[in-house]
Amino acid sequence: MDRLLSGPPLTAGTESYGAHQQRFGLLPAAAARSLIGRLEASNLAGRGGAGFPVGRKWRAVAERANRKGVVLANGAEGEPLSLKDRTIMAARPHLVIDGAVLAADAVGADDIIFYVGAEHQAAEAAMRYALTERSADLRGRARLIQAPRGYVAGEESAAVHFVNAGDARPTITPPRPFERGVGGRPTLVQNVESLAAAALVARGDDAGTSLATLSGAVRRTGVMEIGLDATLAEVAASGGGLVRPVQAVLLGGYFGGWVDINDVWALPLAPGSLRARGHAFGCGVLYFLAEETCGVEATARIIGYLASQSARQCGPCLFGLGAIDAACRRLAARSAQPDDLKRIARWSGQLAGRGACKHPDGATGLLRSALGVFADDYAAHQRGFCVHRAPAVGRPVAMAEAVA
Ligand SMILES: Cc1cc2nc3c(=O)[nH]c(=O)nc-3n(C[C@H](O)[C@H](O)[C@H](O)COP(=O)(O)O)c2cc1C
Ligand code: SF4
């Protein structure tokens, strides 16, 4: 089953270049150009959240290669419930580097930037060491840059802006990074797991597995590699089963959505099957919400976090998310103003597309899913009641800390 995480167990630490080469052989560099077609045929979807087809993005950058391009490997991983990017960088850095080198060859780039979250120290150390192991091959065309903390720093235009100007705030797009990015050059921004997966496709593998970060009411929390044809029930079983009855799952992280457990339990996690039901795997977060835990409170904590992460440069994002956050807090505390529920329902449909980046879209998408899945709970909270025995406690990041 394991492809990305095949080889020594994660507890064995970082895989050396020697061990990596022994398992995978030399990089099939000659195949770089034809790789774009193979990636398209493999239907590999990006693993940073939006699920955009990897092959199509490589082609778009390659077609603009009248100037040498740049590959920006996105390892910012600001999503509080996700651990998979730091895990693959810490354990399998050479697979990530393989993917970035292949991408550079395929799209015609001579600059590779590994953009690694400043808080992911083990990942950064492993990547830096791996780059020194390959310095002769890389001939100075790869470097590592620490991504500043914060949710928005991993957004692609923010990443490009940080490299260009030292400020990780999204820029008004277009031009998009693939048109004009780092140094004004066509830039392929690709999640680090997507690059590692591309390196496997280059070696004849398919794109049938994905990393997932499990947390909440499941026995074994943390990063797992799952087959995309597996159902959520099978994934939960591989995670040692549920520790308590579960009412909903947060699929795809803070930019994903709540899904009623009965709607998704028997569903394969393949992108197509999820999409057909209006869901998405996003960055692979699977958070299991116990029946006894209050979804209104859990959602209020997430919205509070996302509102705090606005880059504060677009009015609808700053003030809209701020107002939604305040109403969600009142509802969670069972001290709602008369129209709070109606207001957040209205606002949740008004903010999408109103920011320079998709931050408000993600936050309001999450809220809309909550208003559907926890409809009865929201109605009860509006009237001042909560039926749950164990109201959610703590800050949202406490969920992520619980994962480790
Ligand atoms: C607010 C926000 C935060 C994001 N954070 C990350 C991140 O931490 N890591 C990441 O790979 N993509 C992140 N993305 C998605 C990137 O903009 C981009 O789509 C992604 O890096 C492309 O890689 P992929 O196609 O391989 O998924 C974020 C997007 C938004 C809107
Ligand atoms: S939408 Fe929000 S997070 Fe995105 S650029 Fe505007 S203020 Fe910043």
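Predicted model: local features only at pLDDT ≥ 70, side-chain atom pairs only at ≥ 80, totals over all residues.
**Entry 1: the domains**

I started with how the chain is divided up. The domain assignment gives me three stretches: domain 1 runs over 10-202, domain 2 over 209-290 and domain 3 over 295-387.

Next I looked at how domain 2 and domain 3 meet. Their centres, taken over C-alpha atoms, are 23 Å apart. On the domain 2 side I have 12 residues in contact, and they meet 17 residues of domain 3. I also wanted an area for this. The size of an interface is often given as the accessible area lost when the parts come together. Here domain 2 and domain 3 bury about 1000 Å² between them, and 74% of that is on carbon and sulfur atoms.

Which residues of domain 2 lose the most area to domain 3? I found Y254, F255 and W258. Together they make up 69% of what the domain 2 side buries.

**Entry 2: the sheet**

I moved on to a sheet of 4 strands. It is an open sheet, and I read the order as β3-β2-β1-β4, with parallel pairing.

Then I picked out one pair. Strand β1 covers residues 69-75 and pairs with β4 in the parallel sense, over 5 bridges. To see one bridge for myself, I went to V70, and its bridge partner in β4 is T187.

**Entry 3: K84**

I found K84 in helix α4, which spans residues 84-91. Is K84 buried or exposed? It counts as buried, because its relative accessibility is 0% and the cut-off for buried is under 20%. The K84 side chain makes a polar contact with the side chain of D85, at 2.8 Å. Leaving out residues up to four places away in sequence, I listed what K84 touches: R47, E77, N191, E193, L211, T213, V223 and C283.

**Entry 4: E124**

My last stop was E124, in helix α6 (residues 121-133). With 11% relative accessibility, E124 counts as buried too. Its side chain makes a polar contact with the side chain of Q146, at 2.8 Å. Again skipping residues up to four places away in sequence, I noted that E124 touches V116, L144 and Q146.

How values were computed
Residues numbered from 1 in each chain as written. Chains lettered and ligands numbered in written order. Heavy atoms only, no water. Helix = DSSP H or I, 4+ residues; strand = E, 2+ residues; numbered from the N terminus. Buried < 20%, exposed > 50% of the residue type's maximum accessible area, 1.4 Å probe, protein only. Polar contact = N/O pair within 3.5 Å; in protein donor to acceptor, adjacent residues only side chain to side chain. Contact = heavy atoms within 4.5 Å. Pairing = 2+ DSSP bridges. Domains from an automatic or database assignment. Buried area = accessible area lost by both parts, 1.4 Å probe.
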